[in-house]
Amino acid sequence: MPRVGILGGTFNPPHLGHLELARRAASELALARVHLVPAHAPPHKRAEPDPGPERRVQMCRLLVAGERELDVCTTEVERGGTSYTVDTLRSARAAHPDIEMTLITGADSARTIPGWREPMSLFELADVAVAARAGTDRTAVTEALAPLLGAARLEFLHAPMLDISSSQARERAARGEPLENLVGARVAGYISEHGLYREDAA
């Protein structure tokens with residue numbers, strides 16, 4: 001049974017940390033595919049500037065262009081409204097009942113899963129793979145998720161997460177500074193071409 005990874009997020013913008021996380025998950029967990037799933041609208045409203053879901057999707061496509069095992073899934077954008085992971089997993093299970101799913105997340109997000117919509121149902125649909133930054137307390141993650149896991153597997157990726165964030169990229173873009181080392185040349189070019197996140201864009 002093929003095993004696929006689901007890497008969701010706002011991707012505002014997607015960056016090289018997301019790309020490396022998807023690559024490492026595919027390699028370490030022997031995943032047939034890893035799908036980046038940009039949210040239409042995250043459950044918790046954010047004050048950060050957002051160029052819109054369609055542009056975030058396009059940036060994700062540019063980020064993974066040429067990556068054989070990675071692609072972009074537009075399920076949440078097409079569904080519209082607030083994006084909930086459990087709904088996305090249900091849609092994937094209905095469309096592909098013959099796959100095993102693994103939800104890929106960072107340690108900080110993993111600890112918040114008990115507060116997500118229908119967390120027990122989520123673990124009935126997918127295993128969870130957690131990428132931790134150097135110094136992360138894995139025991140805290142395990143203890144937070146253990147009551148929900150049931151038969152699902154909880155795995156930690158071996159390589160630590162890159163210390164890159166979307167907020168760093170937005171701040172640099174706002175100042176008109178180079179972004180290539182955070183988001184890659186293609187995404188940086190797209191942000192520059194469309195004037196995304198610029199302080200004077202309004």
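Modeller: Strand 4 (residues 100-106) and strand 5 (residues 126-131) pair in the parallel sense over six bridges. Pairing here takes at least two DSSP bridges between two strands; strands are DSSP E runs of at least two residues and helices H or I runs of at least four, numbered from the N terminus. This is a predicted model, with pLDDT of at least 70 needed for local features and 80 or more for side-chain atom pairs, while totals for chains, interfaces and linings use all residues. Residues are numbered from 1 along each chain as its sequence is written, and side-chain values use heavy atoms, leaving out hydrogens and water.

Biologist: What's the bridge partner of Gly 106 in strand 5?

Modeller: Ala 131.

Biologist: And what's the strand order in the open sheet?

Modeller: The six strands run 3-2-1-4-5-6, with parallel pairing. Strand 3 (70-72) and strand 6 (154-156) are at the edges with a single partner strand each, so one side of each has no neighbour in the sheet.

Biologist: OK, switching to the inside. Which residues have the most contacts in the largest nonpolar core?

Modeller: Leu 7, Val 34, Leu 36 and Ile 191, in a core of 36 residues. A core here is a set of buried Ala, Val, Leu, Ile, Met, Phe, Trp, Tyr and Cys residues joined through side-chain atoms within 4.5 Å. Buried is under 20% relative accessible area, exposed is over 50%, and partly exposed is in between (1.4 Å probe, protein chains only).

Biologist: Which helix gives the largest share of this core?

Modeller: Helix 2, with six residues.

Biologist: How do helix 2 and helix 10 cross?

Modeller: Their axes come within 8 Å and cross at roughly 150 degrees. The axes are lines fitted to C-alpha atoms over the stretch in contact, with angles from 0 to 180 degrees between N-to-C directions. That makes the two helices roughly antiparallel (over 145 degrees; under 35 is roughly parallel, 65 to 115 roughly perpendicular, the rest oblique). Among the residues making the contact are Met 59 and Leu 62 of helix 2 and Tyr 190 and Ile 191 of helix 10; contact means heavy atoms within 4.5 Å.
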